[in-house]
Structures are given as structure tokens and as C-alpha cells.
Amino acid sequence: MTHDSIKTLKFATRAIRAGEEPDFREGASGDVVAPIHLSTTFARRIVEQPTGGYEYTRSLNPTRKALETRLAALENGAHAMAFSSGLAAETTVLVSLVKAGGHIIALDDLYGGTRRLFSQVFNGYGITASYVGAADVGEMEAAITPATRLIWLESPSNPLMKLCDIAAAAKLARRRGLVLVVDNTFLTPYFQNPLDLGADIVVHSMTKYIGGHSDVLGGAVIVNDEALYQRLAFNQNAVGAVLPPFDCYLTLRGLKTLALRMERHQQNALAVARFLEAQPLVKRVYYPGLESHPQHELAKRQASGFGGVLSFELEGTLATSKAFLENLDIFALAESLGGVESLIELPSLMTHASVDAEARAEIGITDTLIRVSVGIEDIDDLLADLERALSAAARVVSTV
Ligand code: P1T
């Protein structure tokens, strides 16, 4: 199928077919599943003619190409690149677009590792970052300096589930000559397509929903602009931040069920969010699918769903959080998100421990803020598990 005819297919079909067309050429076997090409190098008969354009796996590999074709088709982009992790993807974007003396504007509530990359790695190379609130594009504009090169957003953000108005940020970026990067890990291309909203670059941690089974690390970058793609692809090859072929195969396999999984993640997450909202031990639930979320209308406008991650604030202290988390049986107490299994964690001591305490306090990452990645298990089992653990936590509160 051609690039143009793939574009006419619906999402669930693209998630299965794009990049993985049976090969009917002379001598090919018509595999329905793309083969895993483990060869690190590719032979040629004529010195100047790489066979089929393939030279060396870091530069181009057929299994990675299959995955990249699918990623581009799902994010409505012209080009995609698959990286060895989300952070490898982020690093390549930054080295490609910001030089020493440059400045970036980033959302204040970001994955802790992304903020660490900005403030503890790139700052050592003379690149500075300003962190701003999400809701207000005016705040972003006020932070622009002559050195600003790009705006970096997550929507929803990790872990407080804040939304950014992507179309408004894209307009601002265009008007001021900046590049807009949107990390679309939480909603995936199934629910949100930032390129359609005007973003220049979409970034993913494929370790999450795209892989979907907590068994493969990966990152992705998707763009429309040809020159931007050439610059990013050159640097990806130059720094070597590529996804290995076997991991590309696992990710292609995971993507086939993305549409089904996201529907179920969302259905379960909404049920968990409503359940938690009704608990006396829960002060506040952050989930864009709830009418109580301050940006619920924006969520409905710029995305077709709300995803499977939520966070909530418990009454009490760190001891309450620990009693709750350590009494769960089905929710695994673990970092990460987006796998079929439910995961739960305490950002202040786990995923966001690398963010300094002052910044955590400013953003609202307290010791009683809990983040949940709601899996696709039976909802009755999930709610029963939460209920049991909340009772254990309530006993801690009543003894202090
Ligand atoms: O872990 P890695 O594949 O390198 O991806 C980093 C990353 C990027 N962007 C977002 C929004 C993320 O959530 C992550 C990784 N996050 C976790 C490990 C976590 O538990 O939040």
C-alpha cells in the first residue's frame, strides 16, 4: 500500500497494517509479520550501491523502518524515528535544535527524568530552561527571551495531569519563530495528534502505551517538516540512539492492539477516578475525564479521549501513602505506566525524586500525591484492591 492510501485507513487498521505489508516480490515469502532483521551490516555487489539503501543497522534497518512507517502513519506525520528510549529521543531533539547559550521553555510539571535532562545535563552545556504553568499561554510568552529556541510540553502532564492548549501554544511558537515539541506519551496517537494541532515535533516514550506490555524500552520522534527530519535523522545516526531490531518487532506487535487497549484503559481509569472521588480519605482526583478537572472542556476539544493515567491526593502524611501503597495486591508498586497491568507509585520518592524538593513543593508533588496507571484487568478486582488498601491507610490516619 502507498503512503497516501494508508492515510485513508482508520486508526485501528493503520495500527495493524502500516509498515507491515506482506512482501510479494520475486523470491519473497509473503510474511504477514515483518521479519526481525538482526544483521548489523548489509552486503552490496557494487561499491557505490548499498543494497536496497541498507548499509549498516545504526543508519537504517528494515525492522526499524517498518516500525517508523507505522509510527508516522499513526501520528499523521511524514517521518518518524525510533530511539532506544524516550530520553534518547529527547536528547536527540535537544542536541539538534539548541546550542550553547540557547534557552528552552518547558512546562513546570514534566516527567522527572525530562526535567533532570534539562536542568542537570543540558545546563552543563550552557542551555537554560524556564519552567512555566500549563494553563496559560501568556505565561509561556512572558518567558520568551531572545535566546529561546523551543517550547516543550506534556499534555496531560506527568504526574499532575495538567493540560496545555496545544493549538494556542503552536500559534505562539509560529508567531515567535520557536519550535513546539509535545510529549504525547500519556494519550498516544489514538487519543491525540499534536501535529494536527500545529506542533512541530511529537515525542513519545514508547516504553509506555505504544509498547504496552512493560517489556520493551523505546522512544519516538515524529515530524512533518523534511528539513527538520533530515537534521534529526542525521543526529540520531551520529549519536547512535537507535532502537534495536528485536525491540522494534516487540513494539510493532504491541501497537497492533493499541486501539483496543486504550479504550479499556480509559474505561477502567474513569471508573477508578469516580470511585476515588467518592472516598473520604481522598482529597482530590486529577483525571481530565472527570467533570471536576479544571480543563475538562479543553480535554474534550483537543483530544478524543482522556487516557489511562490519573493521580490523586490522599489525606494524611507520608505514612498514610505508604500504608495505602504497601497494602495493594493487584496494583504493582512500580515506576512506569502504560502497560496492560495496573501500576501505582509515589512520585515524590519515585519517578520525581530527581526534581529538587523546592520545585516539587511549588508544582504540588507532595508526599501524599499518588499516581496510578490503570491497567486493563477486570475493574471489579481493581476497585476491590483499592478499597482494601484505603481501609488499611484509614487505620493509620486514625492512629495519629
Ligand atoms: O523511560 P523512557 O523511555 O526513557 O521515557 C522517558 C519519559 C518521557 N516522557 C514521559 C511523559 C515519560 O513518562 C517518560 C518516562 N516515565 C516514567 C518512567 C514514569 O514512570 O513516569
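This is a predicted model: local features need pLDDT of at least 70, side-chain atom pairs count only at pLDDT 80 or more; totals for chains, interfaces and linings use all residues.
The structure holds 1 cavity of 30 Å³ or more, and the volume of the largest cavity is about 40 Å³. Its lining consists of Ser155, Pro156, Leu163, Leu187, Gln192, Pro288, Ala299, Gln302, Ala303, Gly305 and Phe306. By class, 7 of these lining residues are nonpolar and 4 are polar, with no charged residue.

The largest pocket holds about 1200 Å³ of space. It is lined by 43 residues, and those closest to the pocket centre are Tyr54, Pro62, Lys65, Ala66 and Thr69. Helix H1 (3-7), helix H3 (62-74), strand S1 (79-83) and helix H9 (226-239) each contribute at least two lining residues. Of the contributors, H3 gives the most, with 9 residues. The lining of the largest pocket comprises 21 nonpolar, 13 polar and 9 charged residues.

The second largest pocket contains about 360 Å³ of space. Its lining is made up of 21 residues, and Leu87, Tyr111, Ser205, Thr207 and Lys208 lie nearest the centre. Helix H4 (residues 86-97) provides the largest share of this lining, 3 residues. Domain 1 (3-255) and domain 2 (258-399) each supply at least three residues to the lining of the second largest pocket. The class count for this pocket is 6 nonpolar, 9 polar and 6 charged residues.

Buried residues of H11 are Leu258, Ala259, Arg261, Met262, His265, Gln266, Asn268, Ala269, Val272, Ala273, Phe275 and Leu276. An α-helix has 3.6 residues a turn, so residues three or four places apart point the same way. The elements that cover the buried residues of H11 include helix H2 (11-17), helix H8 (188-191), helix H10 (245-255), strand S8 (282-286), strand S9 (309-314) and helix H15 (379-399).

In helix H5 (residues 112-121), the buried residues are Gly112, Gly113, Thr114, Arg115, Leu117 and Phe118. Their cover includes H4, strand S2 (103-107), strand S3 (128-132), strand S4 (148-154) and helix H14 (357-363).

Notes: Residues are numbered from 1 along each chain as its sequence is written. Side-chain values use heavy atoms; hydrogens and water are left out. Buried means under 20% relative accessible area, exposed over 50%, partly exposed in between (1.4 Å probe, protein chains only). Helices (H or I, at least four residues) and strands (E, at least two) are DSSP runs, numbered from the N terminus. Contact means heavy atoms within 4.5 Å. On a 1 Å grid over the protein atoms alone, a cavity is a set of points where a 1.4 Å probe fits but cannot get out, and a pocket is an open set with protein on both sides within 12 Å along at least five of seven lines; lining residues have an atom within 4 Å of a point. Grid points are joined across faces, edges and corners, and a volume is the space filled by probe spheres set on the points. Ala, Val, Leu, Ile, Met, Phe, Trp, Tyr, Cys and Pro count as nonpolar, Asp, Glu, Lys and Arg as charged, and the others, Gly among them, as polar. Domain bounds come from an automatic or database domain assignment.
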